[in-house]
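Subject: Structure for your review

Dear colleague,

Please find below the structure that I am handing over to you. My findings follow directly after it.

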Amino acid sequence: MRKLEQLKRNLEMVLAEKAHQLICALDELTLVVKASDYYDVAHTLREHPNLKFEQLMDVAGIDYLTFGDCACVGSRYAVVLHLLSISHNWRLRVRVFATDDDFPIVSSVIDLWSSADWFEREAFDLFGIVFEGHPDLRRILTDYGFIGHPFRKDFPTSGYVEMRYDSEQKRVIYQPVTIEPREITPRVIREEHYAVQRD
């Protein structure tokens with residue numbers, strides 16, 4: 001716990017007002033930064049001797065359209081980094097919210113940590129978050145002709161087109177989805193006094 005307190009003090013001292021919010025929960029520290037400060041903060045986290053986060057472990061996109069039982073307050077899309085300092089043996093989670101829900105965009109950190117490359121492409125592909133400055137931002141998991149972003153909570157579950165191999169044409173073809181939407185919840189009809197104990 002002392003190490004976590006030391007990291008929190010270092011972050012407050014080094015980042016000052018750029019540390020928008022510091023949240024300590026479950027023995028983990030989360031730093032929330034504004035999108036306009038994101039790249040500068042990431043650079044400081046990597047280079048400052050009191051922080052020295054040399055390794056980027058993960059980059060994840062998050063859609064806060066509905067968070068738990070309540071609707072998200074504020075921005076909908078966020079990017080979360082998980083960082084590791086080998087020098088100081090501590091970890092940090094960094095969260096940045098994209099300012100525009102219709103076209104979410106944040107800076108790329110690929111030139112700070114090269115491991116961000118595929119993680120940022122994945123967040124772009126699945127959530128539609130654009131990473132400004134990424135040298136090769138294109139789909140990584142879905143097909144290049146895919147329309148939409150599958151992890152957005154407003155994406156239709158059946159999609160728009162399906163892909164299959166046609167043995168007659170000897171190639172992969174695309175065609176409109178043929179699955180009709182249907183309700184899969186069984187309808188249960190019970191008597192008025194069902195499961196009531198009788199004497």
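A residue is called buried here if its relative accessible area is under 20%, and exposed if that value is over 50%, with partly exposed in between. Phe-127, at 10% relative accessibility, therefore counts as buried. Please note that this is a predicted model.

Overall architecture

The chain has three helices and eleven strands, which follow one another from the N terminus as α-β-β-α-β-β-β-β-β-β-α-β-β-β. Of its 199 residues, 34% are buried. The chain exposes about 13,300 Å², and 52% of this area comes from carbon and sulfur atoms. Among contacts between residues at least 6 apart in sequence, 51% join residues at least 24 apart.

Aromatic pairs

Two aromatic pairs were found. In one of them, the ring centres of Tyr-64 and Phe-97 are 5.5 Å apart and the ring planes stand at 40°, so the pair is tilted. Tyr-64 is buried, at a relative accessible area of 10%, whereas Phe-97 is partly exposed, at 26%.

The rings of Phe-127 and Phe-151 have centres 5.6 Å apart and planes at 80°, so this pair is edge-to-face. This pair also links distant parts of the chain, with Phe-127 in helix H3 and Phe-151 in the loop between strand E9 (130-132) and strand E10 (161-166), 24 residues apart. While Phe-127 is buried, Phe-151 is partly exposed, with a relative accessible area of 47%.

Surroundings of Phe-97

Strand E7 covers residues 90-97. Not counting residues up to four places away in sequence, Phe-97 touches Val-33, Ala-35, Tyr-64, Ser-75, Tyr-77 and Ala-78. For Ala-78, the C-alpha to C-alpha distance to Phe-97 is 4.1 Å, at a separation of 19 residues in sequence.

Surroundings of Ser-108

Ser-108 is located in the loop between strand E8 (105-107) and helix H3 (116-127). Its relative accessibility is 5%, so Ser-108 counts as buried. The side chain of Ser-108 reaches the backbone nitrogen of Ile-110 at 3.2 Å. Leaving aside neighbours within four places in sequence, the contacts of Ser-108 are Tyr-39, Glu-120, Phe-131, Glu-132, Gly-133 and His-134.

With kind regards

Key. Residues numbered from 1 in each chain as written. Predicted model: local features only at pLDDT ≥ 70, side-chain atom pairs only at ≥ 80, totals over all residues. Heavy atoms only, no water. Helix = DSSP H or I, 4+ residues; strand = E, 2+ residues; numbered from the N terminus. Buried < 20%, exposed > 50% of the residue type's maximum accessible area, 1.4 Å probe, protein only. Polar contact = N/O pair within 3.5 Å; in protein donor to acceptor, adjacent residues only side chain to side chain. Contact = heavy atoms within 4.5 Å. Areas by Shrake-Rupley, 256 points an atom, 1.4 Å probe, with all protein chains shown as cover. Phe/Tyr/Trp six-rings, centres within 6.5 Å; stacked < 30°, edge-to-face > 60°.
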